[in-house]
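Please look at the sequence and the model first.

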Amino acid sequence: MFANLGFGLGLRTVHYGDVIDSDVVPPVDWWEVISENFMVEGGNPRRILRLVRERWPVALHGVSLSIGTVDPLDEHYLAQLAALIADVEPAIVSDHLCWMTLGGHSGHDLWPLPYTEEALNLVVRKVQQVQDRLKRRILLENPSTYVTFSASRIAEGEFMAEIAKRADCGILLDVNNVYVSCRNHGWDPQAYLAAIPAERVGQIHLAGHTDFGTHLLDTHDHPVCDAVWSLYRDAIIKLGPRSSMIERDDAIPPLAELLTELANVRALAADALAVRAGALP
Amino acid sequence: MSELAMIQQQFYDFVTKGSAADGLIATGDLKIYARMYASRLHDAIAGDYPKLQNRLGHDEFASLVYRFIVAHPPQSFTLRDAGLKLGRYLRSSADASVGVWAAELAELERARVECFDARDAAPLQQDAVAALGDALPDLVLRWVPASAMVTLTTNVDDIWSAIEDGTDVPAVALAQRVVLVWRRATTVVHRTLDDDEAALAPMMIAGATFTEVCDVLATQHGEQAAPRAVELLLRWLQAEALDDTLVARSV
């Protein structure tokens, strides 16, 4: 259902020079960009995106679709996203299972949904509308969350699986988010992974988080931790080869450091695939 | 109102206004979202208005941003627009305590943000103008689309430059000025215009012929209007501030 792009990184402004102007082409199979950062008319952002797209596959990862809001879909936003897709011809288009707008106002955050039948029906209907509008399948990413709602009746993994099945969309499995949410709410990460239908997973995110003692926060400002590496290995054993990438949005290290971390992803995925093939215990 | 709508309204009101949310959550801490809402908007707006933050200081700027987002909750899907109305807000009587200079500094910084990713256009080149020959009077001069004019009554352009250069920041003083902000390739620049340029600048938003430019300059410079027009034209060409799209129409 989804092409395996290999191993990628999130494109960030501090690395533009290393990616575009360097004589050495970074050993990255593809780049993910934040869609909204490039929904502008011109200037350096669009120039960089054009240059990157000439050399690599690109995934557009949005943060503002607000698929779970009770507000109507933002047609202005969808029009800009459609135009960007037409220009970039991305390999993947994704956003988050969340909401961020209400009454025409935006919270600019990935707010959690109550996992209820009503929310499920709303998200399914809106994903279908978005896919019809964009004329392509999108992927929804599982969020990191810091609360659960009293009204919730469905486990998050099952909620994701049901949306993917009924709306015929893909899942962007953020392994760090699985870990963060499971730690924050006392969920079982293995049960979470077991609920995710393998054929629907089109991409995997890896990232770091911050432990505040009372909770984990999805800060993307640390290297991937051992527990998330382990969960990633389990995910690849279950899913098989998947487009995988590292997100880093704060305390961003030199590109060389992220490339070393990406090499770990490659090695771990190879190990997991060997286990999956029965070559390793 | 559906259950989902009520939940989202309760969540939104807690996060953005601190309203009660009794019984809403089963586990976790809603205050995490409230803190992230405030900090994300503060950081985005601070990123767009670094000189204003420098002058106001961290606490005063943070207080301003808080008052601003209460008055103008974000409506755009992009954080780029979170601080779009800050200059207008500062000019409004609702927040006049900070001063006109702050509004003008915000407007100058906002113009730079807008020019950063505005529409691309090739700049008019000197050789293209030279090739016009006798058609030069009909040449339409227009600023590149990635440009903006900022009218000032204070010296915030000097204040901006001093902060940027790390030199002593002058005290706020009254000064009637017009600043042209534009993007040169991928770099945003600005320059305080000479008085005669400032008179011409508004005409060149829509486009003015070289003849029309000379006519305006004649009211200030008399017989010296033509050499001054050529001097300004060269200055604008070298600065890559003129749009080349109208050359073809002139030729």
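Chain B is divided into domain 1 (1–98) and domain 2 (120–251); such bounds come from an automatic or database domain assignment. The C-alpha centres of domain 1 of chain B and domain 2 of chain B are 37 Å apart.

This is a predicted model, in which local features need pLDDT of at least 70, side-chain atom pairs count only at pLDDT 80 or more, and totals for chains, interfaces and linings use all residues. Residues are numbered from 1 along each chain as its sequence is written, while chains are lettered from A and ligands numbered from 1 in the order in which they are written.

**The nonpolar core**

A nonpolar core is a set of buried Ala, Val, Leu, Ile, Met, Phe, Trp, Tyr and Cys residues joined through C-beta atoms within 7 Å. A residue is buried if 20 or more other C-beta atoms lie within 10 Å of its own, exposed if 12 or fewer, and partly exposed in between, with C-beta atoms placed from the backbone. The largest such core has 149 residues, and those touching the most other members are Leu140(A), Ile163(A) and Val175(A). The most residues given to this core by one element, nine, come from helix 6 (residues 100–116) of chain B. Because domain 1 (1–98) and domain 2 (120–251) of chain B both give residues to this core, it lies between them.

Leaving out residues up to four places away in sequence, Val175(A) touches several residues, including Ile204(A), Leu206(A), Val228(A) and Tyr232(A). Contact here requires C-beta atoms, placed from the backbone, within 7 Å.

**Strands and crossovers**

Helices (H or I, at least four residues) and strands (E, at least two) are DSSP runs, numbered from the N terminus. Two strands pair if DSSP finds at least two bridges between them.

| Strand pair | Sense | Bridges |
|---|---|---|
| Strand 1 (residues 7–10) and strand 2 of chain A | parallel | three |
| Strand 2 and strand 3 (residues 58–61) of chain A | parallel | four |
| Strand 4 (residues 174–184) and strand 5 (residues 187–192) of chain B | antiparallel | six |

Strand 2 (residues 30–34) of chain A has four of its five residues buried. Within this strand, Trp31(A) is the bridge partner of Leu9(A), and Val58(A) in strand 3 of chain A is the bridge partner of Trp31(A). The chain passes from strand 2 of chain A through helix 2 (residues 44–55) of chain A to strand 3 of chain A in a right-handed β-α-β crossover. Right-handed means that, with the strands pointing away from the viewer, the path from the first strand over the helix to the second runs clockwise.

In chain B, strand 4 and strand 5 form a hairpin with two residues between them, and Ala185(B) in the turn has a positive phi of about 55 degrees.

Methods
Two residues are in contact if their C-beta atoms, placed from the backbone, lie within 7 Å.
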